[in-house]
Amino acid sequence: MKSTRFLFALFLACASAAQSTEPIIIKFSHVVANDTPKGKAAEKFRQLAEKYTGGRIKVELYPNSQLYKDREEMEALQRGAVQMLAPSVSKFGPMGVREFELFDLPYLIPDAETVDRVTDGDIGRNLFAKLEPKGLKGLAYWDNGFKQFSANRPLRKPEDFRGLKMRIQSSKVLEAMMRELGALPQVMAFSEVYSALQQKVVDGTENPLSNLYTQKMHEVQSDLTISNHGCLVYAVVTNRKFWEGLPADIRGQLEKAMAEATRYERDIAKKENDDALEAVKKSGKTQVIVPSAEEKAAWKKALVPVHREQESRIGKDIIEAVYKETGFKP
Ligand code: LMR
């Protein structure tokens with residue numbers, strides 16, 4: 001009897017030793033291609049996380065909506081089916097955290113450095129705190145530069161948008177922006193945009209150039225306007241219970257990996273988008289329009305009313321806090 005108990009105890013010890021050598025899996029799902037700022041930064045994070053944890057963490061990357069589309073991936077993260085995402089902050093409205101849509105206010109942020117200053121400061125931290133009651137934990141902000149308008153007709157003046165069906169992310173601010181231009185906004189998952197443009201379900205959309213090019217949208221859009229009307233900001237998020245359940249040393253190593261991957265992402269974003277613009281031009285498939293100073297002023301005049309309109313939705317205080325940081329004058 002004694003030897004059976006000893007053998008059983010020995011068996012249990014071996015089993016748990018074997019189990020503890022199993023790496024902890026982080027499924028990192030996202031909706032864009034690998035050769036984009038987010039795709040490359042996710043890969044960088046994977047390499048560093050596995051290196052710094054000595055293989056105690058294994059990161060499985062699922063790009064291009066392989067596992068889940070925009071909305072589904074948020075739900076999957078909340079229920080723990082995946083452990084990490086880096087969605088655009090324009091997609092937190094449907095889960096009730098609409099303050100993130102502040103980054104969709106047209107012409108609010110003049111450049112990437114300002115995005116980083118705003119997101120790395122109190123404003124960014126306070127927004128992350130709003131995710132905690134939703135079971136999520138914010139780890140970092142990545143940015144993908146300016147968004148540009150594209151369509152199957154030239155967009156030189158705000159009125160050129162009239163009656164166009166324009167694909168947007170699930171943000172009420174983006175919806176208001178398109179309505180302000182007289183366009184018809186259509187919320188759609190990112191992975192569905194190319195075929196919707198090809199089949200003329202929608203006429204146009206807005207994207208950073210790296211997304212436009214890697215999704216081949218330039219092949220089904222005759223015109224692209226370098227409008228720089230807004231920035232695309234990502235929030236790298238994890239499941240709060242998963243994160244808090246990790247051993248403290250592993251959490252520290254992952255934070256180090258995330259900090260380095262974030263610096264890397266911010267370093268490459270501008271060049272990735274500049275290279276994408278050159279590739280679009282080289283393809284000869286899309287006319288690239290660079291608005292004149294007067295045309296730019298007309299865009300701003302047409303779109304800035306969205307700020308006042310969305311104040312009650314986003315919150316006057318947080319908008320004014322960003323105005324202070326960015327020096328924006330409505
Ligand atoms: C979009 O849906 O247009 C973007 O948020 C996709 C992305 O993650 O860059």
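At 12% relative accessibility, S65 counts as buried. In this predicted model, S65 sits in the loop that runs between β2 (57-62) and α3 (70-78). Its backbone is worth a look too: the phi angle of S65 is near 55°, a positive value for a residue other than glycine.

K200 is another non-glycine residue with a positive phi, here near 60°. You will find K200 in the loop between α7 (193-198) and β7.

## Strand β4 and its partners

Let's turn to strand β4, which spans residues 136-151 and is mostly covered, with 13 of its 16 residues buried. Strand β8 (residues 223-239) runs antiparallel to β4, and 12 bridges join the two. Within that pairing, F149 stands opposite T225 of β8.

Strand β7 (residues 204-207) is also antiparallel to β4, joined to it by four bridges. Here S150 has T205 in β7 as its bridge partner.

N207 belongs to strand β7 as well. With a relative accessible area of 3%, N207 is under the 20% limit and therefore counts as buried. Leaving aside residues up to four places away in sequence, N207 touches F146, K147, Q148, F190, L212 and M217.

## Nonpolar cores and a surface patch

In soluble globular proteins, nonpolar side chains tend to be buried together. Here, the largest nonpolar core has 53 residues, and those with the most contacts inside it are F92, F100, L102, L131, F149 and F161. Helix α6 (residues 172-180) gives the most to this core, contributing five residues. Another core, of 42 residues, lies apart from it, with A49, I57, A196 and V280 among its members.

Not counting residues up to four places away in sequence, F161 touches F149, R153, L155, M166, M178, L181, G182, A183 and W299.

Some nonpolar side chains are on the outside: F6, L7 and L10 form a surface patch with about 320 Å² of accessible area together. L7 lies in helix α1 (residues 2-20), and L7 is exposed, at a relative accessible area of 53%.

## Salt bridges

How many salt bridges does a search of the whole structure find? The search finds 26. In one of them, the side chains of D249 and R56 meet at 2.8 Å, N to O. This pair links distant parts of the chain, 193 residues apart: D249 is in helix α10 (residues 248-283), while R56 is in the loop between α2 (37-52) and β2. Both residues are partly exposed, D249 with a relative accessible area of 39% and R56 at 37%.

D120 forms a salt bridge with R266, their closest N and O atoms being 2.8 Å apart. This pair also links distant parts of the chain, with D120 in helix α4 (residues 112-120) and R266 in helix α10, 146 residues apart. D120 is partly exposed at 42%, and R266 is partly exposed at 21%.

A local example joins R308 and E311, whose closest N and O atoms are 3.1 Å apart. These residues are three apart in helix α12 (residues 305-314), so about one helical turn separates them. Finally, salt bridges link E132, K137, R240 and E244 in a network.

Conventions
Residues are numbered from 1 along each chain as its sequence is written. This is a predicted model: local features need pLDDT of at least 70, side-chain atom pairs count only at pLDDT 80 or more; totals for chains, interfaces and linings use all residues. Side-chain values use heavy atoms; hydrogens and water are left out. Buried means under 20% relative accessible area, exposed over 50%, partly exposed in between (1.4 Å probe, protein chains only). Two strands pair if DSSP finds at least two bridges between them. A nonpolar core is a set of buried Ala, Val, Leu, Ile, Met, Phe, Trp, Tyr and Cys residues joined through side-chain atoms within 4.5 Å. Contact means heavy atoms within 4.5 Å. Patches are made of residues with over 30% relative accessible area and no salt bridge: like charges are joined within 9 Å, nonpolar side chains (Val, Leu, Ile, Met, Phe, Trp, Tyr) within 5 Å. Accessible areas come from the Shrake-Rupley method with a 1.4 Å probe; for residues, only the protein chains shown count as cover. A salt bridge is a side-chain nitrogen of Lys or Arg within 4 Å of a carboxyl oxygen of Asp or Glu.
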